[in-house]
Amino acid sequence: MNCAKIKMKTDYLYALENILPVKRLSRAILALTNLCNSRCKTCSMWKNKKREELDFEVLEKFAGTNLFKKIRFLTLTGGEPFLRKDIDKIVNMFKKKNPKLHITLITNALMPELVLEKVKNMPKDVLITLSFNGKEEAHDESRGVKGNFKKLLETIQGLKLLNRNINFIFTVTKENYNQLLWAWDFAKQKNINILFSPEMDYGRLEHETGGRSLNEEQKKIVLSQLKKIYGERNRGFFDYTYFLFFKKFYEKKNISNKCYAGTNSIYIDYNGNIFPCENLVGKISPLGNIKTNFSIPKDYSPFINKSKCYEGCYLLCEMVRNMRKHPLKTMREK
C-alpha cells in the first residue's frame with residue numbers, strides 16, 4: 001500500500017466555529033428526498049415507495065430568507081440526493097443566493113454516469129461525500145446492492161478526472177469492523193480524506209438494528225485501529241474528539257452535557273419541517289416549516305438543557321462539535 005500522507009485542507013474559520021460556543025446559526029442539513037436506491041442494513045429509508053420532496057420553488061423561496069443567509073455550511077442529503085433530476089439546478093441556485101456557502105453532497109455512488117453528468121454543472125468547490133464501507137464484499141453486503149463497490153470506484157475515477165473535491169464517510173458495522181486500517185490505506189492511495197462513524201440508531205433513519213451491535217472484542221479492534229489512524233493523521237485535538245466519541249459510544253456513556261443543536265445548526269426534512277437535529281425527528285414537534293412563514297429560537301439551548309436530550313445521544317455530527325466547544329473539559333477526559 002502507498003503510505004503517502006493525505007493532503008489535509010484546513011478551513012481555519014470552520015475550525016474556529018467548531019471550538020467557540022458562539023450562539024449563532026451556521027450549519028444546516030437538508031434532506032432533498034425520501035427515496036433511496038441503496039438497500040443499506042444500517043437504514044430503512046430505502047423502503048419508502050412514495051416520493052416525498054420539496055419543490056424547487058419552495059427551496060428557492062427558502063434560499064431568499066434571512067435564516068438561509070446566515071448558513072455557512074449546508075449538507076444536502078436524502079435518501080439519495082442524486083435521485084432528484086434537478087439536483088444541479090438546486091446546488092447552483094443555493095450558491096447564487098449565498099456565494100460564500102460551503103455545500104456538501106452525500107451520495108451512495110450507485111449511479112456514476114448520472115453523478116458525473118450532474119457534478120459537471122456544479123461549482124468546483126462543492127464537496128462530494130461518498131459512502132464507503134470497506135472491501136468489495138463487505139461494502140456490497142452492508143449496503144445491500146451487489147456491484148456497489150465497482151460503482152464507487154467508477155465514481156471516484158470520474159470525479160478525480162473532473163478535479164472535484166471528494167471525501168469518504170465510512171460507517172463501522174459488523175461487516176467491516178476489522179477493515180478500518182485497510183480503508184485508511186485505500187483513502188491514502190486515492191488521496192481522499194475519510195471520516196469514520198459508528199453504526200447507530202437515530203431519529204430520521206428509522207433503523208431496524210436488532211442484533212447489529214458489535215461485541216466487546218470487536219469494539220476493541222475498532223478502537224485499536226482508530227488509535228493508529230488518528231495518530232498517523234496527526235490532527236491532534238480534532239481527531240482526539242472523534243476517538244473519544246467512539247470510546248464513549250461503545251461504553252454507552254454520555255458524550256456531552258452541552259448541546260448546540262438548534263442554535264448552531266438545524267435539520268430540515270424532505271417535507272420542509274425544521275428540527276434542531278436529525279435525532280429529534282419524530283420525538284418533538286417541528287420548530288417550523290420552510291413552506292410557511294416561520295420563526296425559530298435564536299438560542300435553543302434552554303430547551304435542550306430542560307429536556308436533557310443530549311443524554312444517550314450519539315449523533316456524531318453534533319456531539320463531536322459539542323466536545324470541541326469545551327476543549328479543556330474534553331482534554332481531561334480519558
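Helices in this description are DSSP runs of H or I at least four residues long, numbered from the N terminus. The model is a predicted one. By this numbering, C317 lies in helix α12. C317 counts as partly exposed, because its relative accessibility is 24%, and partly exposed covers values between the limit for buried, under 20%, and that for exposed, over 50%. Beyond its close neighbours in sequence, up to four places away, C317 touches R27, I29 and E278. C317 and C277 are 40 residues apart in sequence, and their C-alpha atoms are 9.5 Å apart in space.

Rolling a probe the size of a water molecule over the atoms shows where empty space is left. In total, four cavities of 30 Å³ or more were counted.

The second largest cavity contains about 50 Å³ of space. Its lining is made up of I255, S256, N257, K258, N322, M323, H326, K329, T330 and E333. Two or more of these residues come from each of α12 (316–324) and α13 (327–331). By class, the lining of the second largest cavity has two nonpolar, five polar and three charged residues.

The largest nonpolar core has 87 residues, and F94 and F196 have the most contacts inside it. Helix α10 (residues 237–251) gives the largest share of this core, seven residues. With neighbours within four places in sequence left aside, F94 is in contact with L30, L59, A63, F68, L74, L76, L101 and I103. Another core lies apart from the largest one; this other core has nine residues, including C40, C43, M45 and V281. In soluble globular proteins, nonpolar side chains tend to be buried together.

In α5 (residues 112–119), the buried positions are P112, V115, L116, K118 and V119. These residues are on the same side of α5, because they cover an arc of only 165 degrees around the axis. An α-helix has 3.6 residues a turn, so residues three or four places apart point the same way. The packing partners of the buried residues of α5 are α4 (87–97), β3 (102–107), β4 (127–131) and α7 (148–161). In α8 (residues 180–190), L180, A183, W184, D185, F186, A187 and K188 are buried. The buried residues of α8 pack against α7, β5 (165–172), β6 (193–198) and α9 (216–233).

Backbone geometry was considered next. Most residues other than glycine have a negative phi, and most peptide bonds are trans. N191, which follows α8, is not a glycine but has a positive phi of about 55 degrees. N191 is placed in the loop between α8 and β6 and is partly exposed, with a relative accessible area of 35%. K308 likewise has a positive phi, near 55 degrees, and is a residue other than glycine. K308 is found in the loop between α11 (301–307) and α12, and its relative accessible area of 39% makes it partly exposed. A cis peptide bond joins G78 to G79, with omega near 5 degrees. G79 lies in the loop between β2 (73–77) and α4.

Notes: Residues are numbered from 1 along each chain as its sequence is written. This is a predicted model: local features need pLDDT of at least 70, side-chain atom pairs count only at pLDDT 80 or more; totals for chains, interfaces and linings use all residues. Side-chain values use heavy atoms; hydrogens and water are left out. Buried means under 20% relative accessible area, exposed over 50%, partly exposed in between (1.4 Å probe, protein chains only). The arc is that of the directions from the helix axis to the C-beta atoms. Contact means heavy atoms within 4.5 Å. On a 1 Å grid over the protein atoms alone, a cavity is a set of points where a 1.4 Å probe fits but cannot get out, and a pocket is an open set with protein on both sides within 12 Å along at least five of seven lines; lining residues have an atom within 4 Å of a point. Grid points are joined across faces, edges and corners, and a volume is the space filled by probe spheres set on the points. Ala, Val, Leu, Ile, Met, Phe, Trp, Tyr, Cys and Pro count as nonpolar, Asp, Glu, Lys and Arg as charged, and the others, Gly among them, as polar. A nonpolar core is a set of buried Ala, Val, Leu, Ile, Met, Phe, Trp, Tyr and Cys residues joined through side-chain atoms within 4.5 Å.
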